[in-house]
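Have a go at each task before you read its solution.

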Amino acid sequence: MFIDEVRIRVKAGDGGNGCLAFRREKFVPRGGPSGGDGGRGGDITLLASNHYNTLLHFRFNPEHSAERGRHGEGSNRSGREGASIELPVPVGTVVYDADSGEMLHDFTEAGDRFLIARGGRGGRGNQHFATSTHQAPTEHEPGHPGEAKHLRLELKLLADAGLVGFPNAGKSTLISRISAAHPKIADYPFTTLEPNLGVVSVDDRTFVVADIPGLIEGAHLGHGLGVQFLRHIERTRLLVHLVDVSESSGREPVADFHVVMGELAGFSEDLLKKPMFVVATKIDVAQDPQRVESLQALAAAEGLPFYEISSVTGQGIEALKYAMAEVVAKPAE
Ligand SMILES: Nc1nc2c(ncn2[C@@H]2O[C@H](COP(=O)(O)OP(=O)(O)OP(=O)(O)O)[C@@H](O)[C@H]2O)c(=O)[nH]1
Ligand SMILES: [Mg+2]
């Protein structure tokens, strides 16, 4: 469930054909064979890069081919080599042959390179086929085909940003709004029982968001679903703290904020050191501006950025998404 997966097709360049030609020059009767060799086709290499954190860039672009070699020419001229290409993948990507299921490579470090499809050799021109008894050879080879493969790339996702808050605060609704994730959403607490991850793309950047089960007072003592899921956001670079400011919660937003902060601290003080956004949710149904203002004042006092959103009307969603991207996103292509 935490796995990003894409299927792609790679095709290395074919080799160029060898040439059939004879030397024709004034005063050189019956010049020998002079067909040059075809150029090698380009290779396709996968390269592990720290600048990518998802496989999203392949989703819209699943076919990759390298250039073919040029054909050989007369006067013993070899064809030019086809250009090779390098495809970046995030560190942590595992590559499988999609047809056989065989694991081909596991990228564990940035800068790691793996030749995945070798370009075809160029065919030999007829210059190579001459012997003492066979001086006018017409043999010449076609280029060899470049390797073609269907690949399955798999990446275990690590979240860049984590959504925290009370049950029912609107965490799952927000992730369904900003990513392709489809978590269960319902008007009762503890709808989310397992974390959900979603990949968010903003312009040409992407990041991964984790939606985890809600926290209640005493969660670090095991109340509600407990704090065990917080380990999923321990390595994130941003916490987005959602606070329901509508009346339907039946609680005070400021008090909710403190409860959740207390539970985070109960799990690990390190969580509180992470950058945090305070997000007032369900602003479309918030009747009492006082509830929003007091939360905003608290955020200001704590020095935390403050946003108001409605996942129903879409208000504030884009602004929040861009602000999150500023903190955690990496380029997608
Ligand atoms: N009016 C309004 N309702 C919302 C908004 N966001 C979420 N809701 C509703 O609030 C309820 C709870 O939403 P969820 O996204 O399931 O809440 P959650 O924080 O994931 O809850 P748990 O998984 O139980 O922790 C659902 O009925 C949603 O439709 C919003 O912006 N406006
Ligand atoms: Mg949920």
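The expected span of a helix is 1.5 Å times one less than its number of residues, and helices (H or I, at least four residues) and strands (E, at least two) are DSSP runs, numbered from the N terminus. This is a predicted model, where local features need pLDDT of at least 70, side-chain atom pairs count only at pLDDT 80 or more, and totals for chains, interfaces and linings use all residues. Residues are numbered from 1 along each chain as its sequence is written, chains are lettered from A and ligands numbered from 1 in the order in which they are written, and side-chain values use heavy atoms, with hydrogens and water left out.

**Exercise 1.** Find how far helix α5 reaches from its first C-alpha to its last.

*Solution.* Start by counting: α5 covers residues 289-302, which is 14 residues. Next, compare the spans: the helix reaches 20 Å, close to the 20 Å expected at 1.5 Å a residue.

**Exercise 2.** Decide which residues of α5 are buried (under 20% relative accessible area; exposed is over 50%, partly exposed in between; 1.4 Å probe, protein chains only).

*Solution.* First, list them: Arg291, Val292, Leu295, Leu298 and Ala299 are buried.

**Exercise 3.** Are Ser172 and Thr192 buried or exposed?

*Solution.* Take Ser172 first: its relative accessible area is 9%, so Ser172 is buried. Thr192 is buried too, with a relative accessible area of 9%.
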